[in-house]
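I opened my notebook to look up a few local features.

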Amino acid sequence: MVNLTIDGTQVTVSKTATIYEAAKEIGIKIPVLCYAKKLMPYGACRFCLVQVEQMKGRLIPACTTPVSEGMVVTTTSEEIEKVRKTVMEFLLVNHVLDCPVCDKGGECDLQDLAYEFGSTSNRFEGEKFDLPTDEVNPLIERNMNRCVLCGRCVRVCDEVVGYGSYSFINRGFETKIATAYDRGLSCEFCGQCVSLCPVGAILPRPFKFKARPWQIKEVDSVCGYCGNGCTVTLGVKDNKVETIRFNDEIGVNDGNLCIRGRFGYSYVNHEDRLTKPLVRKDGQLVEVEWDEALQVAADGLAKAQQGQGAGILSGARLTNEELFMLKQVAKTLGTENLDNSGGECYKGVTEGLKETLGVAASTGTFPQIEHADVILAIRSDFYETHPVVGMVVNQAIRRNEAQLLVVADKKGKLDKLPREKTLLSQPGLELDVINAMCKVLLDEGLAKTDGVDGVEELQAALADFGLAEVAKRTGVDAAALQTAAKQLAGAGNAAILLAYGLPYQGLSTELATAAANLAMLTGIAGREGSGLYLCGEKANSQGAIDLGILPQGNGLGARAMLAAAAEGKLDALYVVAEDPLSSYPDRDSIAKSLENVPFLVVQDLFLSPTAEQADVVLPAASFAEKDGTFTNAERRIQRVRHGIKSPGEARSDGAILTSLAGKLGSSLAFTGSAAIFAEIGKEVPAYAAFNYNEIGPQGVVWGGETLQPASRKLVAVAGGVAADGDFKLVTGSALYHSGTISTRAKGPTAVLSEAYLELCREDAADLKVADGDLVKVSGNGTELKLKAKVGNRLPKGVVFTPYHFAEAQVNRLYKGEAVIPVKLSK
Amino acid sequence: MRNFWRDIKGTLQPFWITLGYLFKKPVTIQYPEEKRTPPPRYRARLVLTRDPNGGERCVACQLCSAACPVDCISMQAAEDEDGRRYAAWFRINFSRCIFCGLCTEACPTLAIQTTADYEICNREVLNLVYEKQDLLIESGGKDTEYNFYKHSGIGVAQVRGEGEEEHGPVDPKSLMP
Ligand code: SF4
Ligand code: SF4
Ligand code: SF4
Ligand code: SF4
Ligand code: SF4
Ligand code: FES
């Protein structure tokens, strides 16, 4: 700690603080323009100049100068004011007078500072900027005439996002921010530069001219897409979510968002939203009143339960409170057939981790990843599935010199960074690589085996995972594999990342078990600052597991339910917030299940392909229309807040489920989410510690920052099976989308509107296909036509296709396996 | 006794003044038969004016609506094909307007201006909600010269480099020796 005096006030701050941060601590506001909390100090604008007793003779920038013992700082004096005012005049020499037509007006830092300094005239004269605007892409507009060259966009895109779109070009008065070759912006469109630009130089296009900041109601909520659980601030005007606002004061994400969170909000305003319940009459879905629809649904489900039984399939985008009510519906109905998210993908958590570590959740929290020394990402570099955690990984590498190890079948985005090592393995064989790492640790005596059960058994089971064999089988370099294992074992803090979700069903239990073994042998599991992260695809995947939306007693899981339905052994299916036909593996068998099940109730936002088959369709509310809590992939329970009214007569899932439970004869009634949350505490002990109304802006983490494993039991898992065939197809998540719902949002679809088949240049050359050509993909007894996307991410012989797009029907090929052998032809 | 004279005087003096006014020109007028011409800066009905080229001056910046103490102005901004920002609709509720003129002071484009037209009473309150077509006039109002886009909106309403505080685009490579 360091003591210093600022404007006569004593202050003690940490020795890494800057003068600006120290002053902020005691409530002294130093004007800044280029400073941003989450970026490294830069010192571009010179607004923050202060006087320091010990550094007489010149003014010192407060935002870049670290504090030192006994410093005496003056933040305002006549001289300082004069200099700051002059700086303002310099900036205004070439700044355009655009405020009335500039969307930043009202929240522009330059406007605020000009107002603060009373700058109404300028002693200097010069040319105004005169540059064309960049409106090539549909999401981000760049008008460099308004740029103040603070470098915040350059820095955030590099330091946080790791994409590096921008850079300063030219010199002197001609300096400007440009992309490579000064072309139009074409990047991953996370919108971080939009959030950080202090002026109106970078603006969100979908929000252009929509409203002034003071007309917007801000509602802090949680992103409805992935398990990252980013805080999003809805900008609501006239009962419409018009934009997502920047807020770095609250939440786990430091104001960072990915394209889905930043630009993917528009599906909530979509005109195709269901507004009235539908019931099938004479083969047609017709609009009916709620009471009728609920009655038909309740009667149908109850009747089915009397017969061969009913099953309930849920998605993981319901709030915890709604999931609780769903469970009540299942109980009232008397069915044990309950499951979420296709049933297979989360088994790594509920079975893999449960068996080994005795817990069913990630053991660390996301902020810890930034301070990890070594990070191991399995199956993908995590950026596609959980982009904002990917940004944390990027920061760990850049700021804290962490080593990133990726065991995957393709290179990831972070591949270009120093201290990144991708152990490129054959698809489906990542498991072998992890097993081999475990073996290296055991063989070389690096494993931490105190209090760990099953060491001998594992050692025996791993006999044929010797370095050389595995290297041969998987294609990973043996020496690199060995080094990676050693790095992981030797790290002070380390993190293992593994994402799960609908497209990652194959080997999910086995991979998680192997990862847990590795976490135990390296001591990562349960160590303060380290963690094993198993992160769900959807906003409340963890909540669904915590609340036990799983097969009850002897009940059927998702797969079994669908199989039973296909065989005519299940009389009703109630599908909530899911579109199995579009997103579950093996579309043809699902189509058969939906066809053969006598009674189908679907509750969703849209008339999805599944809903089109239903007997009753109940219109539900989006995340922006309800109150409740989501539990993100690091066990953080956060408040979701109501921002707008639902369209038409759509109701929140909670309200629908409560009415349905009532119709089915339940007498349970709750007065709002807080009451249900309290009730959840009675069933889920981990939730009992919290009070709904006291969940603060950072949320609350159940189980503490580091979740202690309940057991430490090594469980051996066999290796994967290499796929034969000319080409190996893997499916997964694309960065721009999450599940199928984002394909209804304008932002993500503007960047990626259809499925594609990604392949490497060599394969493309062999097949003589160019970017955009249609390629026939045949395998698993079907054939699809997909547009080729040629890149350099994939190794030879491996092709990738994202699973989000219902029309592409990728799930006819994908039947839940880790890798699909396919044939390609033009 | 002194009070007595004072009171007598105080009683008679007003009569004297009244008597004096009897022979002067009356200030009251017989409205509505007779009408008065208000001074040019009189603050009554608001209008939206046009720039010298006949374009709509209002850029829908919302500043008038923000300045208005009774919140009686609303609008929606939209973008024209040439990039110009304009009001898709613009509405003033004159039943709420207090004719303070703060909106005209806030307006950076001189679009919204007060006029001396004070005769807008109506029995039907909703008739006092004026839409853009009711507000827009064909002239520049009190200032016929000013054109906001000549000072701003680079490359929007005129060819780039032809604005008043603008210079033509520079090719930095031309500065190379
Ligand atoms: S960036 Fe700020 S100062 Fe510049 S025109 Fe826009 S609102 Fe005005
Ligand atoms: S574009 Fe914005 S963030 Fe980037 S340097 Fe200019 S003013 Fe700063
Ligand atoms: S999709 Fe995930 S990473 Fe992206 S903003 Fe939403 S929660 Fe964050
Ligand atoms: S004159 Fe005053 S009250 Fe009337 S619209 Fe203008 S600001 Fe509002
Ligand atoms: S202040 Fe002027 S330019 Fe802005 S919206 Fe009002 S009338 Fe239009
Ligand atoms: S804020 Fe310190 S130099 Fe810009």
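Predicted model: local features only at pLDDT ≥ 70, side-chain atom pairs only at ≥ 80, totals over all residues.

Before sorting residues by class, I noted the rule: Ala, Val, Leu, Ile, Met, Phe, Trp, Tyr, Cys and Pro count as nonpolar, Asp, Glu, Lys and Arg as charged, and the others, Gly among them, as polar.

**Entry: confidence.** I looked up the scores of the model. The ipTM is 0.83 and the pTM is 0.91. For chain B I found a mean pLDDT of 88. In that chain, 86% of the residues reach 70 or more.

**Entry: ligand 4.** Which of the 14 residues around ligand 4 come nearest? I found Cys68(B), Cys97(B), Cys100(B), Leu102(B) and Cys103(B).

**Entry: ligand 2.** I went on to ligand 2, which has 14 residues around it. Cys147(A), Cys150(A), Cys153(A), Cys197(A) and Ala201(A) come nearest. Sorted by class, this shell holds twelve nonpolar residues, one polar and one charged.

**Entry: ligand 3.** Here too I found 14 residues around the ligand. The nearest are Cys223(A), Cys226(A), Cys230(A), Cys258(A) and Gly261(A). Which elements give two or more residues to the shell around ligand 3? They are helix H6 (259–263) and helix H11 (387–400) of chain A. By class I counted eight nonpolar, five polar and one charged in the shell around ligand 3.

**Entry: two helices.** I picked helix H18 (residues 558–566) and helix H20 (residues 587–596), both of chain A. They pack at an angle of about 60°, and their axes are 7 Å apart. The crossing of H18(A) past H20(A) is left-handed. Which residues make the contact? H18(A) brings Leu562(A), Ala565(A) and Ala566(A). H20(A) brings Ser589(A), Ile590(A), Lys592(A), Ser593(A) and Asn596(A). By class, this contact of H18(A) with H20(A) has four nonpolar, three polar and one charged residues.

**Entry: backbone.** I looked for a cis peptide bond in chain B. One joins Tyr31(B) and Pro32(B), with omega about 5°. Where is Pro32(B) found? I placed Pro32(B) in the loop between helix H1 (2–22) and strand S1 (46–48) of chain B. Then I turned to Phe189(A). Its phi is near 55°, a positive value in a residue other than glycine. Phe189(A) lies in the loop between strand S8 (176–178) and helix H5 (192–196) of chain A.

Notes
Residues numbered from 1 in each chain as written. Chains lettered and ligands numbered in written order. Near = placed C-beta within 6 Å. pLDDT = per-residue confidence, 0-100. Axes fitted to C-alpha atoms, helices over the stretch in contact; angles between N-to-C directions. Helix = DSSP H or I, 4+ residues; strand = E, 2+ residues; numbered from the N terminus. Left-handed = near helix turned anticlockwise from the far one by under 90°. Contact = placed C-beta atoms within 7 Å.
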